[in-house]
Amino acid sequence: MKIAGQVSLSDLPRICPLLCRAGRPEYGEAGTRVVEVRGVRFGGDRPVVIGGPCAVESQEQTFSVARGVRSAGADMLRGGAYKPRTSPHDFQGTGLEGLRILAEARQETGLPVVTEAMDTRQVEQVAEFADMIQIGSRNMQNYPLLAEAGRAGKPVLLKRGMAASLVEWLGAAEYIAEQGNLDIVLCERGIKAFAGGEYSRYVLDLNVIPAVRAHTFLPVIVDPSHATGVATMVEPASRAALEFGSQGLIIEVADFACGQPRCDAAQAIGPETLEHIVRFARERMESCIEGERVA
Ligand code: PEP
Ligand code: MN
């Protein structure tokens with residue numbers, strides 16, 4: 001018996017006609033839309049690696065991490081200027097000043113920038129400074145924010161709500177698409193499950209990656225940093241995500257020489273570990289291309 005209001009994957013053509021494969025037969029069963037961010041291609045022929053601090057704290061800290069991210073060979077810079085924190089008494093980010101620092105770090109390193117907008121009132125400002133607007137897990141179902149981000153004229157990185165089903169996640173993406181913006185990249189970042197919190201921050205739902213790819217043509221990436229919350233798990237989780245078909249990674253990086261990060265220190269890796277991950281992503285991709293040529 002179907003309970004009123006309950007939705008399942010079979011409802012996708014009704015809930016997201018713009019984004020589900022059934023609605024866009026030109027993408028076929030496996031084709032991906034390439035989402036381009038200043039020349040970086042999500043869903044192209046190689047995984048995209050994004051690295052950077054959890055929060056933009058200062059120019060010195062951001063520049064130092066950004067240089068490490070570039071030297072590691074990553075493609076893009078992340079960093080929160082506006083931070084969603086559990087407590088209002090915790091560091092809330094550096095706001096507009098943080099956005100300016102990110103734009104300077106882009107100029108310094110050449111890396112395109114993704115950063116979060118938490119509120120409709122921040123969207124225009126974030127779009128002015130950043131190359132891609134991030135919608136965080138806590139805001140995945142903030143429908144006015146999704147619509148505003150969809151209208152901002154920049155690609156959107158849509159993180160999965162920590163307790164959202166696949167249908168709810170794709171339904172959220174549809175709000176962005178409905179504004180005429182199909183430049184959306186999905187990001188699995190760990191979900192709440194019975195084991196989460198005991199030995200890791202969340203539970204990395206690797207199983208959702210092939211499901212996303214089966215149901216939509218949008219590219220999907222993984223955030224192993226928030227999903228695990230444990231620095232030593234970030235590299236193995238990154239490898240596993242790529243094995244499951246993730247088309248990229250977004251990873252928190254710190255330069256501990258600049259001091260302890262003010263948020264999420266336990267999950268931050270150094271640039272040397274990021275370099276291993278980038279190398280793995282590139283090598284794996286080369287073997288994929290090789291495999292296709294042989295086949
Ligand atoms: C982040 O990436 O900075 C972040 C806050 O992540 P999430 O929204 O997935 O918790
Ligand atoms: Mn963080």
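How many cavities of 30 Å³ or more does the count come to? The count comes to one, where a cavity is a set of points on a 1 Å grid over the protein atoms alone at which a 1.4 Å probe fits but cannot get out.

Before selecting anything, note that this is a predicted model, in which local features need pLDDT of at least 70 and side-chain atom pairs count only at pLDDT 80 or more, while totals for chains, interfaces and linings use all residues. Residues are numbered from 1 along each chain as its sequence is written, chains are lettered from A and ligands numbered from 1 in the order in which they are written, and side-chain values use heavy atoms, with hydrogens and water left out.

Select next the manganese ion (ligand 2), which is coordinated by Cys54 (SG), His226 (NE2), Glu252 (OE) and Asp264 (OD) at 2.0 to 2.4 Å, donors being N, O and S atoms within 2.8 Å of the metal (3.2 Å for Na, K and Ca). Of these, His226 counts as buried because its relative accessibility is 9%, and Glu252 likewise at 1%, where buried means under 20% relative accessible area with a 1.4 Å probe and protein chains only.

Then select Leu158, one of the residues with the most contacts inside the largest nonpolar core, which has 72 residues; such a core is a set of buried Ala, Val, Leu, Ile, Met, Phe, Trp, Tyr and Cys residues joined through side-chain atoms within 4.5 Å. A second, separate core of 14 residues includes Val48, Val114, Val185 and Ile221.

Technical notes
On a 1 Å grid over the protein atoms alone, a cavity is a set of points where a 1.4 Å probe fits but cannot get out, and a pocket is an open set with protein on both sides within 12 Å along at least five of seven lines; lining residues have an atom within 4 Å of a point. Grid points are joined across faces, edges and corners, and a volume is the space filled by probe spheres set on the points. Buried means under 20% relative accessible area, exposed over 50%, partly exposed in between (1.4 Å probe, protein chains only).
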